[in-house]
Amino acid sequence: MSDSDDLPHAPGPAGGWGSLKGIAEIFGETWSTPSALAGLRKLNKPKGVMCVSCAWPKPANYSAFEFCENGAKATLWESTSDRCTPEFWDQERHSVTALREWRDHDLEMTGRLTHPLRFNHATDRYEAVGWDEALADIGTRLRAIAPDQAVFYASGHAGLEASYLYALLARAFGTNNLPQSSNMCHETTSVGLTKVIGSPVGTVVWEDLEQADAFFFFGQNPGTNSPRFLHPLKACKDRGGKIVTFNPMIEQGLVSFVDPQSPAAMLTGTATTISDQYHQLKAGGDIAAILGLCKCVVEADDAAHAAGTATVIDHAFIAQHTTGFDSFIARCSAADWAEIEQESGLTQEALRAAAQVYIEAERVIGVYGMGLTQHAHGALNIAMLVNLLLLRGNIGRPGAGCCPVRGHSNVQGQRTVGIAEKVHLIPVDRIKALFDVETPPEDGMAIVAAVEALIAGKVRAFVSLGGNLLRAVPDQKLMETAWAAQELTVMVSTKLNRSHLFPGKTAYILPCLSRMEEDRQAGGVQTITSEDSFSMINGSIGFRKPASEHLRSELAIVTGIAKAALAPSDKLKWDAWTADYGLVRDLIEQTYPDDFRDYNARMYTPGGFYRGNGAHERIWKTESGKAAFTTPGELNSLGFGDAPGRFRLMTIRSNDQFNTTIYGYSDRFHGIEGTRDVVLMNPDDIEAAGLRDGEQVRLVTDVDDGVDRQLGGLTLTAYKLPRGTIAGYYPECNVLVPLSLHDTLSGTPASKSIPVRVEAEGAGQ
């Protein structure tokens, strides 16, 4: 591969002045109020506001500025002084059809939604409607629909209290159709980790970060997705620890970091080198790479036995706590290095160097993100990482463990309090005792199943508690048509987004408070709570004046729909729960007593209170009662084979976005400025394909299922990537993801390995 320094790539360290400049640009563009800047000081602190960005934990010993570039951008974005009022729709060029030509960024730049809105098909515009009228109509239309034809979707924004009542609403309505945003990203974790260690979430806590000797990263990008993670990584390097990274792309946060909270570092520009080793493997090559690491560990252990020295593998731990060891070890011993190199794209020498770091470290944390989860065999990716950790007892002891990094602030917590489509995850007996609600015995639909049912015309109503679902799912074009054919669509939102532009036959947008805004109910100002990636529960209190007097809290909207759609019941006290969220927390504690003991008393604990995790204590809630080694049957996670002219497309995010929200067009970590309409490709691949750097191309999904999926108008950009791997931005590239291409165990869309062809614009037309 070319080593030309002219190729775009990370032009400088993460953090530092670049981070402050990025925050300042968002402040200027959104015209956020001065109180928004003051609000940044309240982020992620006891009796402050829990950030609406990622789910990174909040340290008990917090700093003066306990936020990152991402968190600041998210806060300023929602704190804009711009307003999308009902008068917006009166303008000549603001019909829904016309707005479909707008960019995602420009839609959200219209500002905060101020009034409940109902779509008028005759005028092709939304119109203001009163809350009582809107809720009554929603309730009437829901009651006319069979429960299994309605879907109640949730993003990770709403707090635990609203989420708990939302799940109760769905089950009282008669359905378990409760898909959630984790279905599209970390459902592989929930299902895959549960299978092998009995926990649906990661096993580490904050103290483990402070004791780890090494971090092994797989497909996770802290510089863009969880910048506050860079501080404990820097601390690890300062105490002599090692960091080894596996990622097809070079992510600057894992290369170098200037601590913006260090005056000396900011004045001198002194950067900390983060990764001691950085291995650019092929997209989908993690199974082979990790098998190579494990093979090295097994060989080192065999050599230690032969020499009579201390063993490398923790045999005592394995004998007591695991199953499947012998089969996995046999697979490691039999693995062929030529095949490992071919499938991973890495050399034996590189993998041996990485394995040596693992062998020499006493305490290791394995970190991963959607680079492992969003593949056809994503669950096997995760199982392989668990295999590596189990070999040396690196789960369930201080300074070690498995660390999936969640991308939304409360996406993990919503699952904890009942937003789940699988019945076995729900304490149905307690729900029956508390509310006299019979949980339907059948599992509901996750996202893939729900979209399939939508396309088939089997779903007639969709309620979305936050999110931009149409922009986030695979097969967007099919989804847009199917979404608009529904009898009822209801979206709870803070800003305009693309999902609003394909309204159902009856469609409502219900505007809600942001987390920064004061939530005043009949019982006074309310606190909401959320759960971070480390299973810690934190209270959050908004303080800013709401953007409009017509906004309602997410919880109040949920209870309003419930009152309108459900028959009255003495046990369903929607008004009382709206007045006092503490009563809802009491219900959560009664429903999940092991996780939420003394809930109301502990929610302001610095750093949050720990709801517990069996695997952290080496209590394995698996079928065997032990952690399970997994013997891989394949060496890549693709779900498809290589073919002439076929590339593996991985979707990426800019540091100027959060999920589907696009803050701007400056992706300084990837060296892409002013556009998102690019496809990144190895220069040798460009030459071999007969294309040119800078040429306009289109991507065509290379799946023979009768559906035409393509995305044009992309600038081909030479980039430092492994041969055969290309990259483009999410969510723009979602139009290329087939609904059928998903993790075989969890149904998570395979957005990190999409088979595509690259064609010159105009070719074949």
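Ala, Val, Leu, Ile, Met, Phe, Trp, Tyr, Cys and Pro count here as nonpolar, Asp, Glu, Lys and Arg as charged, and the others, Gly among them, as polar. By these classes, the lining of the second largest cavity holds 6 nonpolar, 7 polar and 5 charged residues. The model is predicted.

**Cavities**

- The model has 7 cavities of 30 Å³ or more.

**Largest pocket**

- The largest pocket holds about 1200 Å³ of space.
- It is lined by 38 residues; Thr194, Gly198, Ser199, Pro200 and Leu425 sit closest to its centre.
- Elements giving two or more residues to this lining are α8 and α20 (411-416).
- Helix α8 provides the largest share of the lining of the largest pocket, with 5 residues.
- By class, the lining of the largest pocket splits into 12 nonpolar, 14 polar and 12 charged residues.

**Second largest pocket**

- The volume of the second largest pocket is about 550 Å³.
- Of its 31 lining residues, Pro59, Ala60, Asn61, Trp206 and Glu210 lie nearest the centre.
- Here the elements with two or more lining residues are α9 (206-211) and α11 (230-238).
- The largest share of the lining of the second largest pocket comes from α11, which supplies 5 residues.
- The lining of the second largest pocket comprises 15 nonpolar, 6 polar and 10 charged residues.

**Packing of α8 on α19**

- Two packed helices are described by the angle between their axes and the distance between the axes.
- For α8 (residues 187-197) and α19 (residues 378-391), the axes come within 9 Å and cross at roughly 45°.
- That angle makes α8 oblique to α19, because angles under 35 degrees count as roughly parallel, over 145 as roughly antiparallel and 65 to 115 as roughly perpendicular, with the rest oblique.
- The crossing of α8 with α19 is right-handed.
- On the α8 side, the contact uses Thr188, Thr189, Gly192, Leu193, Val196 and Ile197.
- On the α19 side, it uses Gly378, Ala379, Ile382, Ala383 and Val386.
- The residues of this contact of α8 with α19 are 7 nonpolar and 4 polar, with no charged residues.

**Packing of α13 on α19**

- Helix α13 (residues 286-307) packs against α19 at an angle of about 15°, with the axes 9 Å apart.
- That angle makes α13 roughly parallel to α19, because angles under 35 degrees count as roughly parallel.
- The crossing of α13 and α19 is left-handed.
- From α13, the residues in contact are Asp286, Ile287, Ile290, Leu291, Leu293, Cys294 and Val297.
- They meet Leu380, Asn381, Met384, Leu385, Asn387, Leu388 and Leu391 of α19.
- By class, the contact of α13 with α19 has 11 nonpolar residues, 2 polar and 1 charged.

Note on methods: Residues are numbered from 1 along each chain as its sequence is written. This is a predicted model: local features need pLDDT of at least 70, side-chain atom pairs count only at pLDDT 80 or more; totals for chains, interfaces and linings use all residues. Side-chain values use heavy atoms; hydrogens and water are left out. On a 1 Å grid over the protein atoms alone, a cavity is a set of points where a 1.4 Å probe fits but cannot get out, and a pocket is an open set with protein on both sides within 12 Å along at least five of seven lines; lining residues have an atom within 4 Å of a point. Grid points are joined across faces, edges and corners, and a volume is the space filled by probe spheres set on the points. Axes are lines fitted to C-alpha atoms, for helices over the stretch in contact, and angles run from 0 to 180 degrees between N-to-C directions. Helices (H or I, at least four residues) and strands (E, at least two) are DSSP runs, numbered from the N terminus. A crossing is left-handed if the near helix is turned anticlockwise from the far one by less than a right angle, and right-handed if clockwise. Contact means heavy atoms within 4.5 Å.
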